[in-house]
Amino acid sequence: MSESLEKEMMEQEAAEKRRKEAVKQVILTLVIIAVLITATVVTVVVINKTKDKKGGAGSFGGWGGFGGNQQTETAVRTIEAKANPLNDFVRTNGDVQTQSSIDVFPSIGGTVVQVNVSLGSVVKKGDIICYIDPSEPGSYYAKSPVTAPISGSILTAPVKTGQKVNASTVITKIGDINNLQVSAKIPERYVSDLAIGEKAEVVLEAYPDVRFKASVVRISPVVDSATRTKEIILNFDQKDARVNAGMFVTVKLYTKVYAGEVTIPQDALVNNADKYYLYVLNQDGDTVAKREVTLGKNVDGYYQILTGVKPGERVVVEGMLTLFEGAKVHDIENGGVDESK
């Protein structure tokens, strides 16, 4: 084979190799383009389905995807903005006790030899509660009676037979169980809110679903330096046989009333960059406006709205997380939202 023919064959082989590489490159490019197109289509479909499930503003970023610019509606619930008062309160614990009670002491020390009463017994003034024998080894004395100083009921378990007592030992406590009251401790930071006559709801541990009404009748003039609390006394508005002396209670004491401003459930608020917004239904009833609002007092899950919303306007309280300025909405029935708050 001549040298020129061999060179020509080598050039042909090189050209063929380059052609094959070019074909491979074109095929690879087409595959990449196809993958990108497929990924884009899948992404659009997923976004559309996600927005549809959430009741979003549109099929693709609020613009209806590739099929048009029809914006879908978002189902929401609204309530009418009203200037309802907020009644602030303090929660604390307390105990039911008699309005009048007295500890019973013996007049002499010795051994208790006879007990005539038990917890809950009714006694009259002068009744003998127990006898005490002051005798000691080598000496004998007559038994000394301990009598009831007032009429009432035995509030604490009396001493036991055989117990040694002295003149400072409490034999028992007697009180009038027909007139009961609640003693509760209020933290020092709320002292300025206390006033005679304030109303309260009292819940007994034995009756957790019942609210007993009571009123403040006495406020301690001092703050306990150990607990940093002030004691208050409440009387029940009505007598009830279910209330017993010694019961543990929870007290909801109503203090200040904040009135004159629109009140809205705090869950309706949207927080963005330390600013708060509400979505308000426009007059057309089909779209919403995004309003920045100024907040006032917060009581038990409700905020005062100082600026941004007027009484009578309808505020979105459910479904607002996917809304934006001018979004189309469908205001469904209130579905249990309490507009009387």
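## Residue classes and basis of the model

Ala, Val, Leu, Ile, Met, Phe, Trp, Tyr, Cys and Pro count as nonpolar, Asp, Glu, Lys and Arg as charged, and the others, Gly among them, as polar. The model is predicted: local features need pLDDT of at least 70 and side-chain atom pairs pLDDT 80 or more, while totals for chains, interfaces and linings use all residues. Residues are numbered from 1 along each chain as its sequence is written, and side-chain values use heavy atoms, without hydrogens and water.

## Largest pocket

A pocket is an open set of points on a 1 Å grid over the protein atoms alone, where a 1.4 Å probe fits, with protein on both sides within 12 Å along at least five of seven lines; lining residues have an atom within 4 Å of a point.

The largest pocket is lined by 17 residues, and Gln97, Thr98, Leu155, Ala245 and Gly246 lie nearest its centre. β2 (86–98) and β8 are the elements giving two or more residues to this lining; β2 gives the most, with three. Six lining residues are nonpolar, ten polar and one charged.

## Second largest pocket

In the second largest pocket, 14 residues form the lining, with Ile177, Asn178, Leu180, Lys239 and Asp240 nearest the centre. This lining comprises six nonpolar, six polar and two charged residues.

## Four-stranded sheet

Strands are DSSP runs (E, at least two residues), numbered from the N terminus, and two of them pair if DSSP finds at least two bridges between them. Four strands form an open sheet in the order β3-β10-β8-β5, with antiparallel pairing. Because β3 (101–104) and β5 (122–123) stand at the edges with a single partner strand each, one side of each has no neighbour in the sheet.

Two bridges join β5 to β8 (residues 152–154) in the antiparallel sense, and Val122 stands opposite Ser153 in β8.
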